[in-house]
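Biologist: Please walk me through this protein, one question at a time. Let me see it before we start.

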Amino acid sequence: MKISLKNKHAIVCGSTNGIGKATAFLLAKNGCELTLVARNQNKLDETCSQLNTENNQTHKTVCADFNHPNKLKKVISSYLDRMDKPIDVLINNSGGPPGGPLIDASEDEFRNAFERLLICNHIMAKAVYPRMREQGSGRIINIISTSVNQVIPGLGVSNTVRGSVAQWGKTLALELGVYGICVNNILPGYTVTDRLEDLAKSKAGDLGITTDEIKRNWADKTSLKRLGKPDEIANIILFLASKEASYVTGHNFSVDGGRSGA
């Protein structure tokens, strides 16, 4: 199957690291024009300069922090008001909250995670919805976590909030399908990213073992006996963003190497 996103425009959040960056590179390689959203302008500029432009795309950046929903709302609204192009794809993606036992979590940790992972997704979806509805098509793809299917020990707050994000996405799919807008959730497993490295260091410190031992343990929880790569997640996102996925909506797609057990 040859997928082309030529003459399409996508907004990719969390696009300067990990899965978001891999997704941005792959979409651009397949002809898509991108708006990159992240909180560090220097990283945005660096990533944007590396994107494929063989189809004469003009890629842009928006500097916004998902830790500040009200500012995000103003920034993205202002940007879209100035933009005269369709919006075909929205990739909602943001780093998760710190790890730790659920019982030790403060109320503010839940509030902060809920705002970053759900409220900001909702702000982005509401921002792109009018144009998608007007053109009668669109894709909203939410990068969440395999914890939606099976909780991950030591990620109490993340497990809790990720589940609510998945239900939000599936509900949105029911409501927006009539307008030709497909909404799907990606559930990555243990994927080699900066966040995974941070979690490995934290867990290794708690258990008094090395980060390599932690990673081997995680890999052993998968059928493939290895950690995932950001590109492997991006490949599924590319398909869901394409016209070939026009009859796929309301699903949770696990991309976790066959994760089993805790």
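**Charged pairs**

Biologist: What should I know about the model and its numbering?

Modeller: This is a predicted model, where local features need pLDDT of at least 70 and side-chain atom pairs count only at pLDDT 80 or more, while totals for chains, interfaces and linings use all residues. Side-chain values use heavy atoms, leaving out hydrogens and water, and residues are numbered along each chain as its sequence is written, from 1.

Biologist: Which helix holds Arg111 and Asp108, and by how much of a turn are they separated?

Modeller: Helices (H or I, at least four residues) and strands (E, at least two) are DSSP runs, numbered from the N terminus. Arg111 and Asp108 both sit in α4, residues 107-135. They are three residues apart, so their separation is about one helical turn.

Biologist: Is Glu33 buried or exposed?

Modeller: Buried means under 20% relative accessible area, exposed over 50%, and partly exposed in between (1.4 Å probe, protein chains only). Glu33 has 12% relative accessibility, so Glu33 is buried.

Biologist: Lys85 and Glu33 form a salt bridge. How many residues apart are they?

Modeller: Their side chains meet at 2.4 Å, N to O. Lys85 is in the loop between α3 (69-82) and β4 (89-92), and Glu33 is in strand β2. The bridge links distant parts of the chain, with the partners apart by 52 residues.

**Ring pairs**

Biologist: Are the rings of Tyr129 and Tyr179 stacked or edge-to-face?

Modeller: Rings of Phe, Tyr and Trp (its six-membered ring) pair if their centres lie within 6.5 Å; planes under 30 degrees apart are stacked, over 60 edge-to-face, and the rest tilted. The centres of Tyr129 and Tyr179 are 6.0 Å apart. Their planes meet at 65°, so the pair is edge-to-face.

Biologist: What is the angle between the planes of Tyr190 and Trp218?

Modeller: Tyr190 and Trp218 form a stacked pair, 5.1 Å centre to centre. Tyr190 lies in the loop between β6 and α6, and Trp218 in helix α7 (residues 211-220), so the pair ties together parts 28 residues apart in sequence. Both residues are buried. The angle between their planes is 10°.

Biologist: How much space lies in the largest pocket?

Modeller: On a 1 Å grid over the protein atoms alone, a cavity is a set of points where a 1.4 Å probe fits but cannot get out; a pocket is an open set with protein on both sides within 12 Å along at least five of seven lines; lining residues have an atom within 4 Å of a point. Grid points join across faces, edges and corners, and a volume is the space filled by probe spheres set on the points. For the largest pocket, that volume is about 1300 Å³.

Biologist: Which element gives the most residues to the lining of the largest pocket?

Modeller: The lining has 49 residues, and Ser94, Gly95, Gly96, Thr193 and Arg195 lie nearest the pocket centre. Elements giving two or more residues are α1 (18-29), β2 (33-38), α5 (156-176) and α6 (194-207). The top contributor, with nine residues, is α6.

Biologist: Which residues does Arg195 touch, beyond those up to four places away in sequence?

Modeller: Contact means heavy atoms within 4.5 Å. Arg195 is in helix α6 and is partly exposed, at 25% relative accessible area. Leaving out those sequence neighbours, Arg195 touches Gly96, Pro97, Leu155, Ser158 and Arg162.

Biologist: What is the volume of the largest cavity?

Modeller: There are two cavities of 30 Å³ or more. Among the residues lining the largest cavity are Ser94, Arg116, Leu117 and Arg162. Its volume is about 60 Å³.

Biologist: Which element supplies the largest share of the lining of the second largest cavity?

Modeller: The second largest cavity holds about 30 Å³. Its lining includes Glu33 and Lys85, the two partners of a salt bridge. The largest share, three residues, comes from β2.

Technical notes
A salt bridge is a side-chain nitrogen of Lys or Arg within 4 Å of a carboxyl oxygen of Asp or Glu.
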